[in-house]
Amino acid sequence: MAYLLQRLLTEAAAKQPRRAAVASSGCLLTYQELDELSNKMARALLRRGVAPGDRVGILATKSAASVVGIYGVLKAGACYVPLDPKAPGQRLSYVVQDSGTALIVADEARTPQAARLLGNVPRPLGVVVAGPAGTDGREQAGTAVTGDTAIVPWSEVAAEPGEPLTGERSIETDLAYILYTSGSTGNPKGVMISHRNSLTFAEWAAAAAGLSEEDRVCSPAPLHFDLSVFDIFATCRAGACMTVLPEGAATFPVSIAQWLEQERISAWYSVPSVLTLLACYGSLRKFDLSRLRTVIFAGEVFPPKHLARLMEELPHPRYLNWYGPTETNVCTAFEVPPGHADAGPAPIGTACANTEVFAVTSEGGRVTQPGETGELYVRGPSLMRGYWGQPARTREVLVRSPFRPEYDELVYRTGDLVSLDPAGNYIYVGRRDSMVKIRGYRVELGEVEAALYRHPAVREAAVLPVPDELLGSRLRAVVTASDTGKLIRQSVLDHCRRWLPSYMVPDVLEFREALPRTSTGKVDRVGLALE
Amino acid sequence: METVINEYISQELVRDPELLPLADETSLLESGILDSLSLLQLVVFLEERFGITVGDADLLPENFASVNTICAYLRAREPAKQATRG
């Protein structure tokens, strides 16, 4: 049998055609509908010239329509590249160009933006509108052409036959998606995930979370964030219903709590900062959240004080701490027992099924005892295929095992430092390099510095993380500039906002005559951090 | 009051320069200016600046839809304080 992500959908649709697959504002799709609509989408993509292995952008919020788009792309044998609708145009242009994307599936409202993004692509295949539209959808007639870019309206996609396509167009080692994440040299880098990589996670995750076809699953993570792989594919593996938190509700903790009750959500997966807000400001006791059975968090350390409060407010669900960089999918897990949060941060736990993790000390030995610290390495079928178009950087992180040099199999160096607790669980200690987490998003300080350097007046820049309980970190930028006029601060900030997503824009911007130096002439980051 | 709040939001919370200048009736939610974390930043500012406490139950879209609705909410809550502060 083919080991492909879209088979999760075709199998669920055959088994339980009339069960709900996706619920988003004003739109509910059964498994049969999702299967048929994504067949239509795949045909529309093939008709526009999409070939196996092509990259297809998805410029859309999470919705029934974007899930139709994702499965359509996979069924066409292509690989999807989520484009963050909230990212600045410059960054999106970079992702489109770097990935060689020639076609974008977009929600109706983002069609013009998608056409603009394809404006600099040598041979664009066009924009295909994702549907069905939610409550505010609007129909267009006939394929329109904006500049050089053809736009296929949803009505044309919906007119394609919904029967299954004949034959498979991909195999399990082909790419299913590319997720762009912060890159230390100034541009985001594309993490290539194959069908097998993602299925390894989806299979494990559905079992570990105990999902069944009765579940209603929600993750507020956007499509470009790898947490979204859980609610799209693990939910489908279990035949459960993926439920999309409306954008309007996501802003207000009480609205989220109210929505959780109203939608009878039974499994939730998010970064800790969203759960912290719910625990502190969600008035959780006012709502009937008895259906919520499983709460999973990942992406950053959950401040123990807030986790304790959440578990006190909502004592009945299971609480799971999952760990894993985008490059490995989730590779370790820990179930937080009641009362544990008072003892300090939750461990990241032990390896997932079919995965091996080990930690290597700075002397090159294996971490085996509590008290020893080392860098975490991961081995298994969930590891990425590499960074798109960057073989040299791939070789820095996908390496031969230091303990099994005779094996060809590569292992992934996470850059995360860990130690062991007496029970054999790994504990997250910190980073080996200059990556920080903000709301669970990875931020390479070097990428923020590179953006600052692109401003014509900036001479030198150092970006430092400032620990923040709610966000994980805030960013403080110290710069020297050739222009000290009044408008320079606003100009530098505006510049950052044009290049960087909002969570990467420095919160504090300081101007100096010169940056402090160490005796070797490097910028004294330690000294700056202590100020 | 409108000016103080508009200035704070414009300077501290607006990430997209194209949204400036900010009108008092602009939707802070549809424009994406307010998300779950910037909302809390704003609440902390309002609590400190106007000497009030914003309860969980008041953290609602109708109160935080725009600069105007925030001011209406503050006036409804703290009529006495508003009078003395001018």
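In chain A, helix H2 is followed by A:Gly49, whose phi is positive, near 105°. Helices (H or I, at least four residues) and strands (E, at least two) are DSSP runs, numbered from the N terminus. What you're looking at is a predicted model, where local features need pLDDT of at least 70, side-chain atom pairs count only at pLDDT 80 or more, and totals for chains, interfaces and linings use all residues. Residues are numbered from 1 along each chain as its sequence is written, while chains are lettered from A and ligands numbered from 1 in the order in which they are written.

How confident is the predictor? On pLDDT, its confidence in each residue from 0 to 100, chain A averages 92, and 98% of the residues score at least 70. Residues 136-140 of chain A fall below 50, and this stretch has six contacts in the model beyond near neighbours in sequence. A contact means that the C-beta atoms of two residues, placed from the backbone, lie within 7 Å.

Chain A has an open sheet of nine strands with mixed pairing, in the order E2-E1-E12-E11-E13-E14-E15-E16-E17. Strands E2 (27-30) and E17 (350-351) stand at the edges with a single partner strand each, so one side of each has no neighbour in the sheet. H2(A) packs on this sheet, touching E1 (20-24) and E2 of chain A, and its direction makes about 90° with that of E2(A). Those angles run from 0 to 180 degrees between N-to-C directions, using axes that are lines fitted to C-alpha atoms, for helices over the stretch in contact. Elsewhere in the sheet, E13(A) (residues 267-270) and E14(A) (residues 294-297) pair in the parallel sense over four bridges; DSSP must find at least two bridges for strands to pair. A:Tyr269 stands opposite A:Ile296 in E14(A).

Finally, 20 residues of chain A are in contact with 15 residues of chain B. Helices H9 (247-250), H10 (253-262), H11 (272-281) and H15 (488-499) of chain A each give two or more residues to that side.

Key
pLDDT is the predictor's confidence in each residue, from 0 to 100.
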